[in-house]
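User: I am new to reading protein models. Can you take me through some features step by step?

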Amino acid sequence: MVLADLGAKALTLLPAEAAHKASLKALKAGLGPKLPGKADPVLATSIAGIELAHPVGLAAGYDKNGEAPDALLAAGFAFVELGAVTPRPQAGNPQPRLFRLSEDRAVINRMGFNNEGLDALKARLEARAGKPGIVGINLGANKDSEDRAGDYVTLVKSLKGLASFFTVNISSPNTPGLRDMQGAEALNDLLKRVNDARWTEPVFLKVAPDLDEAGIEAITRAALDNRMSGLIVSNTTLARPDTLKSRHKGEAGGLSGAPLTDMSNSVLRRFRQLVGADLPLIGVGGINSVESAYARIRSGASALQLYTALVYEGPGLVGRLRDGLAARLKADGYASLADAVGVDA
């Protein structure tokens with residue numbers, strides 16, 4: 001993994017979006033890293049009926065079109081989330097739309113759900129049918145859709161049987177008006193329609209970190225009332241902390257990476273307090289070390305997702321988190337990861 005980390009560092013010499021495409025191309029060519037060894041049994045966890053060898057997964061946004069899920073699983077992720085996918089192909093926002101904030105260990109993106117669309121993703125998933133590995137799909141709505149809730153229903157109906165789980169993403173800040181669907185009335189209508197369309201796959205709801213207490217409570221009620229399988233907390237933020245140093249800090253879009261750590265952890269902890277012990281939570285946002293990963297578990301996450309941290313820490317981070325979390329759990333006397341979930345909530 002040392003060579004892979006050096007390769008990731010070299011990619012930072014390219015513009016951000018070009019580096020993303022180059023890394024994906026390398027994975028498709030079989031040049032991706034391979035994480036040796038197996039996860040310590042103390043890390044085994046179950047989330048919404050999905051059995052994971054360890055809690056570290058890849059967040060949506062990297063492999064939008066399902067081009068390299070098996071290479072990503074081989075790199076050590078316990079699960080991979082593809083997408084976001086929309087029913088129709090979508091070019092996304094004009095470039096440049098992806099910015100590294102290197103001094104802040106952060107990224108700002110305003111990609112705008114750029115993807116090849118449902119048909120392209122479905123064909124790739126059908127081609128890998130029967131292969132092992134936990135692969136989920138992040139669902140989005142087309143920017144110009146007249147019925148955005150209908151877009152999610154279309155995706156669920158078309159992709160059922162091809163994914164380990166679905167994620168309803170209404171928290172991206174880069175599609176105008178999308179976050180309005182987090183309001184109580186619109187959210188309940190959406191989740192009811194998705195439930196009516198679902199088959200057997202778990203369905204998670206991905207939420208924003210920029211929620212006030214009323215918003216958190218409304219989403220909690222909607223998630224419980226509509227029998228969501230769990231929540232993914234959280235997406236990128238529109239906030240711009242005063243501590244940001246990069247010249248790109250004023251760019252429009254969602255901020256991810258280290259500046260999101262405390263905000264996302266705090267929102268996740270509040271959701272855990274409200275939903276109780278039974279509803280699974282996946283923690284994402286600013287997880288870049290064993291310490292931040294362990295804190296997220298203790299705040300209430302049964303599983304974790306990474307993306308931005310890989311830009312700065314390299315793919316070796318996956319193995320360091322896997323092994324480091326096992327050591328921390330054992331040092332604190334926990335017999336299983338589940339025993340540590342939410343102890344600080």
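User: Which residues of helix 8 and helix 9 meet?

Analyst: This is a predicted model. In helix 8, Thr 261, Ser 264, Asn 265, Leu 268, Arg 269 and Arg 272 take part. Their partners in helix 9 are Ser 292, Ala 295, Arg 296 and Ser 299. By type, the residues of this contact are two nonpolar, five polar and three charged.

User: How do I describe the way two helices pack?

Analyst: Two packed helices are described by the angle between their axes and the distance between the axes. Now the case here. Helix 8 covers residues 261-275, and helix 9 covers residues 290-299. Their axes come within 9 Å and cross at roughly 20°. Angles under 35 degrees count as roughly parallel, so helix 8 is roughly parallel to helix 9.

User: What is the handedness of the crossing of helix 8 and helix 9?

Analyst: Helix 8 passes helix 9 in a right-handed crossing.

User: At what angle do helix 9 and helix 11 cross?

Analyst: The axes of helix 9 and helix 11 cross at roughly 60° and come within 9 Å. Helix 11 spans residues 316-331. That angle makes helix 9 oblique to helix 11. The crossing of helix 9 with helix 11 is right-handed.

User: Which residues make the contact of helix 9 with helix 11?

Analyst: Helix 9 brings Val 290, Glu 291, Ala 293, Tyr 294 and Ile 297. Helix 11 brings Arg 320, Leu 321, Gly 324, Leu 325, Arg 328 and Leu 329. Sort the residues of this contact by type: seven are nonpolar, one is polar and three are charged.

User: Which residues line the largest cavity?

Analyst: The lining is Ile 47, Ile 50, Leu 52, Phe 79, Ile 134, Phe 165, Phe 204 and Ile 282. Eight of these lining residues are nonpolar, with no polar and no charged ones.

User: And pockets? How much space lies in the second largest pocket?

Analyst: A pocket is an open set of points, unlike a cavity. The second largest pocket has about 220 Å³ of space. It is lined by 13 residues. Closest to its centre are His 20, Lys 21, Lys 64, Asn 65 and Asn 114.

User: How do the residues of that pocket lining divide by type?

Analyst: The lining of the second largest pocket has three nonpolar, four polar and six charged residues.

Key. Residues numbered from 1 in each chain as written. Predicted model: local features only at pLDDT ≥ 70, side-chain atom pairs only at ≥ 80, totals over all residues. Heavy atoms only, no water. 1 Å grid on protein atoms, 1.4 Å probe; cavity = no way out; pocket = protein on both sides within 12 Å on 5 of 7 lines; lining within 4 Å. Points joined across faces, edges and corners; volume = space filled by probe spheres on them. Nonpolar A, V, L, I, M, F, W, Y, C, P; charged D, E, K, R; others polar. Axes fitted to C-alpha atoms, helices over the stretch in contact; angles between N-to-C directions. Helix = DSSP H or I, 4+ residues; strand = E, 2+ residues; numbered from the N terminus. Parallel < 35°, antiparallel > 145°, perpendicular 65-115°, else oblique. Left-handed = near helix turned anticlockwise from the far one by under 90°. Contact = heavy atoms within 4.5 Å.
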